[in-house]
Amino acid sequence: MAARLLLLLALVCLHAPRWASAQQQPEQEATVIVKGSAKIAETDQSYVCATMDWWPPEKCNYNQCPWGQSSILNLDLDHPFLAQAIKDSLLSAAFDNLRIRLGGSLQDRVVYDVQTNSPCSPFTNVSNGLFGFSAGCLSMDRWDKLNDLFQQTGAIITFGLNALDGRHNVQRSFWAGKWNSSNAYDFVNYTVSKGYPVDSWEFGNELSGHGTGARVDAELYGKDVTELRSILRQLYRAPLSQPLLLAPGGFFDQQWYTRLLQTSGHGVVSALTHHIYNLGGGDDVHLMRKIVDPKYLDRAEDTYRDMQLTLQRHGTWASAWVSESGGVFNNGRHLVSNTFMNSIWYLDQLGMASKYNTKVFCRQTLIGGNYGLLDTETFLPNPDYYSALLWHRLMGNGVLSVDINAPRKLRAYAHCSKRHQGITLLLINLSNSTGYNVTLQNDLNVSVDRTSAHRRRHSSFTKRAVSWLGGKAASESTKRDEYHLTAKDGDHQSRTMLLNGVPLELGDDGSVPALNPVPAAVDSPVYLAPTSIAFVALPRFEAKACS
């Protein structure tokens, strides 16, 4: 009898979830209701995007210079881990068709070395230059090599053009004068002649509103965007080959963005692009607290909502993109932006932005600074790389509404699944002390009391006597797939992420590890450990919007 009891205990220990903490943590019940009858928004299929920037090694903040050889001009394009991290492969696929946006603060000082008579020089430190740097040059040999990488990996390219060429600084950060389009024309013409498939051209970087370093009047900007659209129509002669035109790639200013749309007119701008750095600067000692503060995280929702309203009122032909978002500006912060903790901010922003019809969300950066998805020196993935990859593989473009009966520390987002029927749910636990037993419900079978804003989140639920799956019999499917993300050794500033208790690390050949789920009984609660993240795939969830 004693031997049988020991065997039973051994089996229980063997099958216990490895991502769960060995220490007993307080637990709380929670309910998440997914409304699968209609989509509330849609993203682009290539929603997850990453940037490549122009910063040279001399870009420093807070006595740190974290860019090294990671810029568009000097990155080692032949490094085997780089291609492995982004390429489309049927065997060890990382991303299929990852969108890469080339741009950043110095893009408005880039000269394209097409039919120019001057030397093609890199950026150098100058005291009176924009952001402390001179103009820099992109040679066509380098552009050819970049496109070799993009075509090899199947990347979708967005390129940010210089919007200050021809203008002059008239007062402080204000720049005036008409845009000189000749160098951009030659560069786009060269790109078309080589057959390089640039999906979208973005005009300028952070010149909107009060600007960052430089700013331009919205009406003047709108006229120049209209000229760029004419150039694209001239150079891309086949109507179906027309690339997207994006603008202005800056911080959202509702009045400025409205004037841009009104000046440029119907159908000129394909998407309004804006940047999100809602956590503050890299020297902020409160970054860790901000990342797990639901009230602080929710502030960004106002920006997404206002952008959506601006488009509904003044630009129904256009969509919203986040063309750059690193959370922490000025390079990110070492041992925050490149650790497990940052995935809580990153995935929460992906979920939040998607609810407001944001089509693309570009992460600053693919590589470079402290906030790269890949480490600047080793090219090894940081935790956010795997978070981005899981979102890209699991979360489809149909966004569903969610009601949460739990404290604000529990976050939840739901999408139609990407490659299978049903839905995928993203759960984030901001609490460092409380785990949640999350019961999942379908709104087909639950009515929620919506009598006040407070009770929308903390209401009582009236359940009908049917399965949470919907009208389908529970016997049709008894399993769901769970992907639990935690920090190694419980250290939230660890640069190693665990998937279901297993460290995520590249293979010896640089191959991305298999991201395997664990199955769970479909009618059991999902346990979400303190300070953890989970993707939950529900293939038999009855969601009319996803059929």
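**Exercise 1. Helix packing**

Determine how helix 5 and helix 6 pack against each other, then treat helix 6 and helix 9 likewise.

Solution. 
Step 1. Helix 5 (residues 218–235) packs against helix 6 at an angle of about 40 degrees, and their axes are 8 Å apart. The model is predicted: local features need pLDDT of at least 70, side-chain atom pairs count only at pLDDT 80 or more, and totals for chains, interfaces and linings use all residues. Residues are numbered from 1 along each chain as its sequence is written, and side-chain values use heavy atoms, with hydrogens and water left out.
Step 2. Helices (H or I, at least four residues) and strands (E, at least two) are DSSP runs numbered from the N terminus. Axes are lines fitted to C-alpha atoms, for helices over the stretch in contact, with angles from 0 to 180 degrees between N-to-C directions.
Step 3. Helix 5 is therefore oblique to helix 6. Angles under 35 degrees count as roughly parallel, over 145 as roughly antiparallel, 65 to 115 as roughly perpendicular and the rest as oblique.
Step 4. Helix 5 and helix 6 cross in a right-handed sense; right-handed denotes that the near helix is turned clockwise from the far one by less than a right angle, left-handed anticlockwise.
Step 5. For helix 6 (residues 254–264) and helix 9, the angle is about 30 degrees and the axes are 10 Å apart. Helix 6 is thus roughly parallel to helix 9. The crossing of helix 6 past helix 9 is right-handed.

**Exercise 2. Aromatic pairs**

Classify the ring pair of Tyr47 and Trp391, and that of Phe187 and Trp201.

Solution. 
Step 1. Rings of Phe, Tyr and Trp (its six-membered ring) pair if their centres lie within 6.5 Å; planes under 30 degrees apart count as stacked, over 60 as edge-to-face and the rest as tilted. The structure contains 23 aromatic pairs.
Step 2. Tyr47 and Trp391 have ring centres 5.8 Å apart and planes at 35 degrees, so this pair is tilted. The pair links distant parts of the chain, 344 residues apart: Tyr47 is in the loop between strand 1 (27–42) and strand 2 (48–52), and Trp391 is in helix 11 (residues 383–394). Both Tyr47 and Trp391 are buried; buried means under 20% relative accessible area, exposed over 50%, and partly exposed in between (1.4 Å probe, protein chains only).
Step 3. The ring centres of Phe187 and Trp201 are 5.8 Å apart with planes at 85 degrees, so this pair is edge-to-face. Phe187 belongs to helix 4 (residues 182–193) and Trp201 to strand 9 (residues 198–203), so the pair ties together parts 14 residues apart in sequence. Phe187 and Trp201 are both buried.
Step 4. Phe187 and Trp201 also belong to one aromatic cluster, whose members include Trp54, Tyr112 and Trp143.

**Exercise 3. Charges over rings**

Which rings have Lys59 and the charged end of Arg363 over them?

Solution. 
Step 1. The criterion requires NZ of Lys or CZ of Arg within 6 Å of the ring centre and within 35 degrees of the ring normal.
Step 2. Lys59 lies over the face of Trp55, 4.4 Å from the ring centre.
Step 3. Arg363 places its charged end over the ring of Tyr346, at 4.7 Å from the centre.

**Exercise 4. Salt bridges**

Solution. 
Step 1. A salt bridge is a side-chain nitrogen of Lys or Arg within 4 Å of a carboxyl oxygen of Asp or Glu. The count by this rule is 20 salt bridges.
Step 2. Glu202 lies in strand 9 and Arg101 in strand 3 (residues 99–102), distant parts of the chain 101 residues apart. Both Glu202 and Arg101 are buried.
Step 3. Asp298 is partly exposed at 21% relative accessible area, whereas Arg411 is buried at 6%.
Step 4. Lys355 is in the loop between helix 10 (340–354) and strand 16 (358–363) and Glu301 in helix 9 (residues 300–314), so the pair ties together parts 54 residues apart in sequence. Lys355 is partly exposed, with a relative accessible area of 28%, while Glu301 counts as buried at 13%.
Step 5. Salt bridges with shared partners join Asp298, Asp348, Arg408 and Arg411 into one network.
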